[in-house]
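The notes below go from loop to helix to pocket.

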Amino acid sequence: MIEVTAKKVRGHYRSFAIDGHADYAEEGEDIVCSAVSALVINAINSIEAFTEDAFTCDCTDGQIRRWEFTSDVSEKTELLMDSLLLGLKNIEKSYGKYISVDA
């Protein structure tokens, strides 16, 4: 199961962690992992491209395990994070056996 955790402090995003594997299907065929990966990578790329907000990222073995904002985040980042969580929660609605979202 993929476990997703988004942390907020005083109503603002501070960190995002993701761990595990969906195990919906074999590697290369797993639509749950693919969907989650696409959303997470797009969110990170969008925050980098469209905001000045700084963050650190633990990206090992091709996986994005945790990212943490190093300062307060802008309204744009809040919106991008809300969008990411909306997408992940919609995946959870359909594939709750394979993904858990805590936000």
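What follows is a walk through selected sites of a predicted model.

Begin at the loops. Arginine 10 sits in the loop between β1 (2-9) and β2 (12-19). Its relative accessibility is 76%, so arginine 10 counts as exposed. Look at its backbone too. Arginine 10 is not a glycine, yet its phi is positive, at about 50 degrees. Most residues other than glycine have a negative phi.

Move on to the loop between β2 and α1, where aspartate 23 lies. Aspartate 23 also has a positive phi, of about 60 degrees, without being a glycine. Is aspartate 23 buried or exposed? Aspartate 23 is exposed, because its relative accessible area is 60% and the class begins over 50%.

How does the lining divide into nonpolar, polar and charged residues? There are 2 nonpolar, 3 polar and 5 charged residues.

Now take the cysteines. The cut-off for a disulfide is 2.5 Å.

How many disulfides does a search of the whole structure find? The search finds 1. The disulfide joins cysteine 57 and cysteine 59, with their sulfur atoms 2.4 Å apart. The angle about the S-S bond is 75 degrees, and the link is right-handed. How accessible are the two partners? Cysteine 57 has a relative accessibility of 32%, so it counts as partly exposed. Cysteine 59 is partly exposed as well, because its relative accessible area is 46%. Both values fall between the 20% and 50% limits.

Next, go to the end of the helix. Threonine 51 lies in the loop between α1 (31-50) and β3 (55-60). Is threonine 51 buried or exposed? Its relative accessibility is 9%, so threonine 51 counts as buried. The limit for buried is under 20%.

The side chain of threonine 51 has polar partners in the backbone. A polar atom of this side chain lies 2.6 Å from the backbone oxygen of isoleucine 47. The side chain of threonine 51 also reaches the backbone nitrogen of aspartate 53, at 3.2 Å.

Then look beyond the local stretch. Leaving out residues up to four places away in sequence, which residues does threonine 51 touch? They are Ser46, Ser74, Lys76, Thr77 and Leu80.

Serine 46 has a relative accessibility of 9%, so it counts as buried. With neighbours within four places in sequence set aside, serine 46 is in contact with Thr51 and Leu80. Leu80 is also touched by threonine 51.

Finish with a pair separated along the chain. Serine 46 and threonine 77 are 31 residues apart in sequence. In space, their C-alpha atoms are 8.6 Å apart. Threonine 77 is also among the residues that threonine 51 touches.

Definitions and conventions: Residues numbered from 1 in each chain as written. Predicted model: local features only at pLDDT ≥ 70, side-chain atom pairs only at ≥ 80, totals over all residues. Heavy atoms only, no water. Nonpolar A, V, L, I, M, F, W, Y, C, P; charged D, E, K, R; others polar. Buried < 20%, exposed > 50% of the residue type's maximum accessible area, 1.4 Å probe, protein only. Helix = DSSP H or I, 4+ residues; strand = E, 2+ residues; numbered from the N terminus. Polar contact = N/O pair within 3.5 Å; in protein donor to acceptor, adjacent residues only side chain to side chain. Contact = heavy atoms within 4.5 Å.
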